[in-house]
Amino acid sequence: MERIEPTVAHASGDYRVEVDAGLRPRAGFTLFELLIVLVILMVLLGMGVPAFYAIKKSSAISTTRSMVQAISAAIASYQTKAWVTGVQTVAGGPWQSRAYRMWDCNGDHLLDGDPAVDPLGILGTADHAAILASGYRGFIKMAQPTIPKRLIKGGHVVDPWGTPMRITYSGDNVYAADTSKLFGTAALGVWSAGPNKRDVVTGATDATAKSDDITSWSRR
Ligand SMILES: [Ca+2]
Ligand SMILES: [Ca+2]
């Protein structure tokens, strides 16, 4: 750094005034100062990291709440104005009726975003072909919900934790007694397995697995 040497005018001529070295800033920190800074940073990080994750988790939960509502609304809206005959003729489980099985053609309770991508193990090749021949192109293309692109993977709509969104119908009793008043005129409900990624679909029936599920219906 260039040294500052103020010049003072004087009748007898200019002369220089030396700046006291003690008043100039030092070029660095002592080890003790660095340690203090490190400790402060660690304390701040310790407070910030859990807060960051808490905010991230609550934001993911509200995204999912909006998604299950948006998907249910998109399906309900679609069902009031459209009907796909081909799908109705396919025999199967309690989701046999046309309106039900349109959204979960293979009965695995994962909402079928795109039947061309889904492995339709339960229905088999012929039924798969019948569904596609009927003009049905899956939930994403038929109901056209507002879903962020990053949450559509492998033909499925996934929640922020990467788990495919689930769908249930008033007749299949996945949520047992809950179904009696849940789905209204659409007769179905959409849910996410929540942050713990466990629910009845993954085979977990304990209260903890179910407690964080995010459903399109009120569970209170
Ligand atoms: Ca499915
Ligand atoms: Ca869960």
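User: Before anything else, what does "in contact" mean for two residues here?

Analyst: Two residues are in contact if their C-beta atoms, placed from the backbone, lie within 7 Å. This is a predicted model. Among contacts in the protein chain between residues at least 6 apart in sequence, 57% join residues at least 24 apart.

User: OK. What helices and strands does the chain have?

Analyst: The protein chain has 6 helices and 7 strands. Along the sequence they follow the pattern β-β-α-α-α-α-α-β-β-β-β-α-β.

User: And how confident is the predictor?

Analyst: The mean pLDDT of the protein chain is 76, with 65% of its residues at 70 or more. Residues 83–100 have pLDDT below 50, and this stretch has 45 contacts in the model beyond near neighbours in sequence. Where pLDDT is low, the predicted coordinates should not be read in detail.

User: Noted. Which strands make up the open sheet?

Analyst: The open sheet of 3 strands runs in the order β5-β6-β7, and its pairing is antiparallel. β5 and β7 (214–215) are at the edges with a single partner strand each, so one side of each has no neighbour in the sheet.

User: How many bridges hold β5 and β6?

Analyst: β5 and β6 pair over 4 bridges, in the antiparallel sense. Across that pair, Arg166 stands opposite Trp191, Ile167 opposite Val190, and Thr168 opposite Gly189.

User: And on the β7 side?

Analyst: β6 and β7 are also antiparallel, over 2 bridges.

User: Is β6 enclosed or open to the outside?

Analyst: β6 is largely enclosed by the rest of the structure, because 5 of its 5 residues are buried. Both faces are covered: Leu188, Val190 and Ser192 lie on one side, Gly189 and Trp191 on the other, and all are buried.

User: What about β5, which way do its residues point?

Analyst: Arg166 and Thr168 point one way from β5, while Ile167 and Tyr169 point the other way. All of these residues are buried. In a regular strand the side chains alternate between the two faces of the sheet.

User: How much of the whole chain is buried?

Analyst: Of the 220 residues of the protein chain, 29% count as buried.

User: Take Ile71. Which residues is Ile71 in contact with, leaving aside its neighbours within four places in sequence?

Analyst: Ile71 is in contact with Pro145, Val157, Met165 and Val190.

User: Last one, Gly107. Where is Gly107 found?

Analyst: Gly107 is in the loop between α3 (98–101) and α4 (124–133). In sequence, Gly107 and Ile167 are 60 residues apart, yet their C-alpha atoms are 9.5 Å apart in space.

User: Why does Gly107 count as partly exposed?

Analyst: A residue needs 20 or more other C-beta atoms within 10 Å to be buried, and 12 or fewer makes it exposed. Gly107 has 19 C-beta neighbours inside 10 Å, so Gly107 counts as partly exposed.

Note on methods
Residues are numbered from 1 along each chain as its sequence is written. Chains are lettered from A and ligands numbered from 1 in the order in which they are written. This is a predicted model: local features need pLDDT of at least 70, side-chain atom pairs count only at pLDDT 80 or more; totals for chains, interfaces and linings use all residues. Two strands pair if DSSP finds at least two bridges between them. pLDDT is the predictor's confidence in each residue, from 0 to 100.
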